[in-house]
Amino acid sequence: MLALSAALLVASAIQSATATIRFGCSQLVTQRFDPLVTPGIVSPHVHQIVGGNAFNLTMDPNEDYSKTATCTTCRFKEDKSNYWTAVLYFKHANGSYMRVPQKPNDQVGSTNGGMTVYYIAGYPPFQKVTAFKKGFRMIVGDPMIRTKAAPQRNSVESYAISFRCWDDPRGNSNNSPPGGGQDTAALPTKFCNGGIRSNIIFPTCWDGTSTDPEDHTSHMRYQTGTVDPGMGIIWQQGTCPSTHPVRTPTVIYEIAWDTAPFKSVWPKDGSQPLVMSMGDPTGYGQHGDYVFGWEGDSLQRAMDTCKDQFGTPEACRELTVLSDAEMNKCTQKPQVNERVEGEYLPALPGCNPVQNGPNPATMPANCGGSQPTATATSSTTVVQPTPTTSSTTVLVPQPTPQGPAIPKYGQCGGNGWTGSTTCVAGSTCTKLNDWYSQCT
Ligand SMILES: *[C@@H]1O[C@H](CO)[C@@H](O)[C@H](O)[C@H]1NC(C)=O
Ligand SMILES: *[C@@H]1O[C@H](CO)[C@@H](O)[C@H](O)[C@H]1NC(C)=O
């Protein structure tokens with residue numbers, strides 16, 4: 001728990017711990033879904049999603065997803081919430097993109113990719129907070145921005161979203177709380193030996209009435225007050241504004257990106273080869289989405305009683321701890337018929353030309369028309385959604401004419417596939433999931 005240890009040493013010298021739970025969540029699915037921003041249609045860019053398996057293209061705020069979901073990829077059985085972020089791609093010198101895999105964070109167990117989630121009840125000593133309720137949702141960050149002012153000590157928000165360049169996840173480069181110390185709002189500009197960690201800290205002050213306004217943000221505010229740049233904001237001793245007086249748990253996401261596989265192909269000229277899935281090479285557009293889905297009052301009970309300093313799941317007796325195997329076996333099949341990871345892709349999935357800024361990114365017009373450039377020859381399957389202009393749900397794979405034998409790495413089957421299922425000599429058609437078989 002070195003992520004918090006420096007902060008905890010300070011805090012425990014002052015007072016006993018606050019309530020904290022910190023836990024890993026394995027990957028549920030990686031695909032272009034975003035039921036908050038683009039319900040009912042395929043999202044413009046790829047997200048990695050963790051949590052309950054009731055996650056879907058549309059999620060009705062009146063539904064109790066803690067009852068609909070039959071499993072969760074997160075450590076606590078009671079937590080059927082969904083948590084998601086954009087993903088990172090490595091851009092090869094030849095112009096192809098490969099998704100950067102995720103690895104378990106420090107001390108979360110053997111989770112499969114995914115992220116680490118914290119719920120923290122403010123600065124020690126213990127303070128009572130009001131847990132979120134059914135239908136509660138929120139978003140932080142803006143995928144379109146490509147620059148940000150430097151963090152300001154009087155702006156809690158300016159410390160909320162950042163990256164950490166890990167020299168070693170268990171070493172000195174991990175000694176400050178998330179968003180504090182050397183963490184940067186932009187993607188690191190060099191190769192980081194231990195990988196990169198994203199830190200996404202949600203606001204703590206709720207208006208007390210709206211569980212999910214149309215913008216998914218205006219019901220929540222960060223605290224006011226000053227920030228100690230070394231400590232960041234997870235225990236900032238500010239006050240909630242009068243418009244948003246109700247203190248909730250502070251939700252934090254940490255994502256550990258495993259850049260090690262790209263070391264040998266990292267650019268020698270000092271350029272930065274990483275791009276977020278929305279075509280953002282700066283990292284300023286990093287964002288996080290949250291859909292509450294805890295069973296009954298389980299989150300409130302945890303925030304009232306789980307006062308382990310380090311937030312260790314096993315120390316929280318109110319909740320039921322799942323094994324790594326139970327978490328890892330909860331998965332969803334991607335429903336969008338396209339490749340997003342595991343191989344070099346000719347372009348970022350969706351319609352995401354790389355936009356460097358500093359001006360905000362613009363959504364290219366008529367994406368759909370220019371989209372499926374890679375259909376016939378490449379290993380990626382057809383992308384057909386037109387998220388900017390269309391409202392159709394696109395879960396039906398695009399028919400492909402019957403044709404000659406499929407080249408190696410081409411699609412050769414899957415639900416709705418009407419093309420050839422014969423692979424060229426020397427390769428065989430292998431089912432990867434119900435939606436996608438490939439000549440391998
Ligand atoms: C997602 O929604 C569709 C359409 O309502 C439904 O058929 C499907 O069962 C849902 N999937 C999950 C995992 O709930
Ligand atoms: C770029 O290089 C990667 C790794 O060698 C390779 O898999 C990919 O096909 C290449 N892309 C192009 C367009 O040559």
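Me: Does Cys 316 count as buried or exposed, and at what relative accessibility?

Reply: This is a predicted model, and in it Cys 316 forms a disulfide with Cys 306, their sulfur atoms being 2.0 Å apart. The cut-off for a buried residue is under 20% relative accessible area. Because its relative accessibility is 2%, Cys 316 counts as buried.

Me: Which handedness does the disulfide of Cys 205 and Cys 240 have?

Reply: The sulfur atoms of Cys 205 and Cys 240 are 2.1 Å apart. Cys 205 belongs to strand β12, whereas Cys 240 lies in the loop between β13 and β14, 35 residues apart. The torsion about their S-S bond is about -80°, and therefore the disulfide is left-handed.

Me: How many residues apart in sequence are the parts that Cys 71 and Cys 330 tie together?

Reply: A disulfide with an S to S distance of 2.0 Å joins Cys 71 to Cys 330. Cys 71 lies in the loop between α2 and β4, while Cys 330 lies in the loop between α4 and α5, so the parts tied together are apart in sequence by 259 residues.

Me: What residue in β16 is the bridge partner of Leu 88?

Reply: Strand β5, residues 88-91, is joined to β16 by three bridges, and the two run antiparallel. For Leu 88, the bridge partner in β16 is Met 276.

How values were computed: Residues are numbered from 1 along each chain as its sequence is written. Chains are lettered from A and ligands numbered from 1 in the order in which they are written. This is a predicted model: local features need pLDDT of at least 70, side-chain atom pairs count only at pLDDT 80 or more; totals for chains, interfaces and linings use all residues. Side-chain values use heavy atoms; hydrogens and water are left out. Two strands pair if DSSP finds at least two bridges between them. Helices (H or I, at least four residues) and strands (E, at least two) are DSSP runs, numbered from the N terminus. A disulfide is a pair of cysteine sulfur atoms within 2.5 Å. Buried means under 20% relative accessible area, exposed over 50%, partly exposed in between (1.4 Å probe, protein chains only).
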